[in-house]
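Please open the model in your viewer and keep the selection tool at hand.

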Amino acid sequence: MDKFVINGGQKLKGTVKISGAKNSSLALIPATLLNTSENTIYNTPEVNDIHTMIKLLSNLGAEAEFNNHTLKLNTNYISSQVAPYEHVKKMRASVYVLGPLLAKYGYAKVSMPGGCAWGPRPINLHLEAMKKLGASIELEEGYIIAKSSGLRGAKIHFDISSVGATGNALMAAVLAKGTTSISNAAIEPEITILANFLKEMGAKINGIGTTFLEIEGVEQLDGASIENIPDRIETGTLLVAGAMTKSKITLDCVNYEHIESILTKLQESGAKIICNNNLLELDCENINISGVDVTTAVYPGFPTDMQAQWIAYMALSEGTATITDTIYYDRFNHVPELIRLGAKIEVTNNSAFVKGVKKLKGAKVMSTDLRASACLVLAGLAAEGTTEVLRIYHLDRGYQRIEEKLRSLGADIERLPTSEF
Ligand code: EPU
């Protein structure tokens, strides 16, 4: 087990490169199960969730080669349609194999994901969509058994906008006979790139980037290549790192169109930002951090995956801020840890009320999930003294060697082995 030891208070400076997006890769990889060819995904991040997804596909029979962020997947020899409990309990996104396996092989056995660190995360919408497409769904010994003798196009409407359910329904529909429509589809960039990848394979999809997708099923799909998008949450996290430490930094390989809601909020808080093609310059030297309220929402709203980092930032503001999460009502496990560093925060229902303090003070804190870990690292960078962040295996799921990136910007952060849990 590793921990981070951070000596806070250093200003950051310089340029750092943003990695490919984890959440889009987690959809692009299982999409390759829809063909029986060679596929290439460029700009795949080297993070543990991606290794877990590659392992899952390898267990199904795919041949994988992962070098220097280029992932090649050959899906010609798929011999199993089972996503076992060991995988799904490690990573809920494993459920993304359901749609492709069912559509391509007429059968999928996928372990039902349990709760997650911040409460229930149901998959009812995924299952309802598969049923609409004509699949039978049964639950046996904790596994979803999905069967079909040929999916048929259908009208699917999601009452809640869901990234995962939209992705799964889309992957199933591309091989279903006839036309499928998906209304109230998620429009997150991770879904748009998935749809573009499926089109590269030969799928017929209209309305990409909108909440209404129309899919004309095809008989088979070919192998394809795609360049993955930059990770918008890593971009946002590093921007907040720069802002919290009142620094001037540049991020390379970004897509600022994907993070407009974050940029707007940062500017409201006092940050100066210049976007120049793939470069994003943040200047927060000498700023007074204003308190800025945030309510998370589906894209293009402020992402729930930046909620924890924003609370950490606001803990050092010169005012107050209310941060409301409308996507995940219970996602506040980071708050008691931030309080250990001296933050003043109260949580009521799905809102955190933050009263800015002059300084945070280093302490030992514990990560509870991926974005909670990121927020604790940010707080540690800005705090006085030494902060130890335990259980950083959560962070390693989704950030590619963040300590190296931060160190290259001048942060004093070290990864050390520990027996503490
Ligand atoms: N929901 C349902 N039923 C479903 C599916 C979702 O009620 O069948 C609800 C959820 O409980 C939630 C809302 O719908 O309230 C939206 O959830 P969504 O399905 O969009 O989330 P997801 O697809 O499971 C992805 C990301 C998450 C990110 C959310 C929201 C991946 C692999 N994960 O999850 O990322 O928080 O969208 O944007 O794409 C992270 O990276 O730290 C992370 C948790």
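Begin by selecting helix H7 (residues 189–201), which gives three residues, the largest share, to the lining of the second largest cavity. Helices are DSSP runs of H or I with at least four residues, strands are runs of E with at least two, and both are numbered from the N terminus. A cavity is a set of points, on a 1 Å grid over the protein atoms alone, where a 1.4 Å probe fits but cannot get out; a pocket is an open set with protein on both sides within 12 Å along at least five of seven lines; lining residues have an atom within 4 Å of a point. The model is predicted: local features need pLDDT of at least 70 and side-chain atom pairs count only at pLDDT 80 or more, while totals for chains, interfaces and linings use all residues. Residues are numbered from 1 along each chain as its sequence is written, and side-chain values use heavy atoms, with hydrogens and water left out.

Now select the whole lining of this second largest cavity: Ala186, Ile187, Ile191, Thr192, Ala195, Ile208, Gly209, Thr210 and Leu213. Six of these residues are nonpolar, three are polar and none is charged. Here Ala, Val, Leu, Ile, Met, Phe, Trp, Tyr, Cys and Pro count as nonpolar, Asp, Glu, Lys and Arg as charged, and the others, Gly among them, as polar. The volume is about 30 Å³, where a volume is the space filled by probe spheres set on the points, and grid points are joined across faces, edges and corners.

Which residues line the largest cavity? Select Ala21, Lys22, Asn23, Glu190, Asp231, Arg232, Ile233, Asp305 and Arg371. Helix H1 (22–31) and helix H8 (232–244) are the elements that give two or more residues to this lining. Its classes are two nonpolar, one polar and six charged, and the cavity has a volume of about 50 Å³.

Next, display the ligand. It is surrounded by 23 residues, with Asn124, Ser162, Val163, Asp305 and Ile327 the closest; a residue counts as near if one of its heavy atoms lies within 4 Å. This shell comprises eleven nonpolar, seven polar and five charged residues. H1, helix H5 (124–132), helix H6 (163–173) and helix H12 (370–382) each supply at least two residues of the shell.

At Leu125, a backbone N or O atom lies 2.8 Å from a ligand oxygen atom. At Arg331, a side-chain N or O atom is 3.3 Å from an oxygen atom of the ligand. At Arg371, a polar side-chain atom lies 2.7 Å from a ligand oxygen atom.

Proceed to the second largest pocket, which holds about 370 Å³ of space. Of its 19 lining residues, Met244, Lys246, Leu316, Lys358 and Ala382 lie nearest its centre. Keep Lys246 selected: this residue is not a glycine, yet has a positive phi of about 50°, and lies in the loop between H8 and strand S15 (248–252). Most residues other than glycine have a negative phi, and most peptide bonds are trans.

Finally, select Tyr299 and Pro300, whose peptide bond is cis, with omega near 10°. Pro300 is placed in the loop between strand S18 (294–295) and helix H10 (307–314).

Conventions:
Polar contact = N/O pair within 3.5 Å; in protein donor to acceptor, adjacent residues only side chain to side chain.
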